[in-house]
Amino acid sequence: MNDAQRPEADQPLLFTPIKLRSVTARNRIVASPMCQYASENGAPNDWQLAHLGRLAIGGCGIVFGEETGVEARGRKTYTCAGIWDDAHIPAYRRLNDFLRAYDAVPAIQLGHAGRKASCHDAIKNWVPLTEADAADGLPPWQAIAPSAIPQSPAHPVPKAMSEEDMADVIDAFAAAARRSDAAGYDILEIHGAHGYLLHQFLSPLTNKRNDAFGGSRENRMRFPLEVTRATRAAWPAQKPLFYRLSAVDGQGGMWNIEDSIALARALKDEGVDIVDCSSGGIVG
């Protein structure tokens, strides 16, 4: 008996369908978000169509686009993906229509770089932009973070976020979720790992605030949970919501598995369907 003749009950679980809320993927193979540094003012182009299209054609049940900035200042680089403007929607819809034509579920990961913003791309190893880059049309911009602690000695000091800044970012996540739905995405993931803004709030290494958003673990979780709550409210109830989490920080970090279990329980209460476990990224 060949594989095509085997009853579904005998198929490896990886190759069986999975239903998440109203969305059914043909199998459990997921193409993870992979930054391409090829976007044009945030929007995808033929590079993403070829890159993601081959993954759908190759059989992935769920295909994630790259980490996508919810606002322009939340990108790492000028070539990072973004969905902060309604003008981005048609380009993403073109991409998602292609993925769906090959029976893949289109998925998007929304994120904010926080203090990792305003850099060159991967080819230049994310070297921070300086005023000298302005002559090439790449002026640096002010990064924001929970506290005024730079990513490295080579990075500029970010602005410690005010409550107004936090409200703006929460609104940006919600608006990006609505645009993602309009662009035809069926799964949305919040990027809370790898040293990005939400992870920066979680870690006591990067969050030295003395207000309601810093100090205790519950306080440090507050902003990521508020982002999640607003995103879930803006994202259709019938579509699943993921949250990517650095479950442990690794060497030099302080966030650990017990912290992640506490956060995962709180995320479930906010309507998160899957916690996507990764690790590291806050230092080193």
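Let's start where H3 meets H5. On the H3 side, Met-166, Val-169, Ile-170, Phe-173, Ala-174, Ala-177 and Arg-178 make the contact. Their partners in H5 are Phe-223, Glu-226, Val-227, Ala-230, Thr-231 and Ala-234. Contact here means heavy atoms within 4.5 Å. Helices are DSSP runs of H or I with at least four residues, strands are E runs of at least two, and both are numbered from the N terminus.

A word on the source. This is a predicted model, where local features need pLDDT of at least 70, side-chain atom pairs count only at pLDDT 80 or more, and totals for chains, interfaces and linings use all residues. Residues are numbered from 1 along each chain as its sequence is written, and side-chain values use heavy atoms, with hydrogens and water left out.

Back to the helices. H3 covers residues 163-182 and H5 covers residues 217-234. Their axes are 8 Å apart, at an angle of about 30°. Axes are lines fitted to C-alpha atoms over the stretch in contact, with angles from 0 to 180 degrees between N-to-C directions. H3 and H5 are therefore roughly parallel (angles under 35 degrees). Their crossing is right-handed, meaning the near helix is turned clockwise from the far one by less than a right angle.

Next, H1 and H2. H1 is residues 46-57, H2 is residues 89-101. The axes come within 9 Å and cross at roughly 20°. That makes this pair roughly parallel too. H1 also passes H2 in a right-handed crossing. H1 brings Asp-46, Gln-48, Leu-49, Leu-52, Gly-53, Ala-56 and Ile-57 to the contact. H2 brings Arg-94, Leu-95, Phe-98 and Leu-99.

Now the rings. How many aromatic pairs does the structure hold? There are 6. Rings of Phe, Tyr and Trp (its six-membered ring) pair if their centres lie within 6.5 Å; planes under 30 degrees apart are stacked, over 60 edge-to-face, the rest tilted.

Take Phe-64 and Phe-242. Their centres are 6.0 Å apart and their planes at 55°, so the pair is tilted. Phe-64 is in strand S4 (residues 62-69) and Phe-242 in strand S10 (residues 241-246), so the pair ties together parts 178 residues apart in sequence. Phe-64 is buried, at 3% relative accessible area. Phe-242 is buried as well, at 6%. Buried means under 20%, exposed over 50%, partly exposed in between (1.4 Å probe, protein chains only).

Phe-98, from the H2 contact, pairs with Tyr-102. This pair is tilted: 5.2 Å between centres, 45° between planes. Phe-98 is partly exposed at 28%, and Tyr-102 is partly exposed at 38%.

Methods. Angles under 35 degrees count as roughly parallel, over 145 as roughly antiparallel, 65 to 115 as roughly perpendicular and the rest as oblique.
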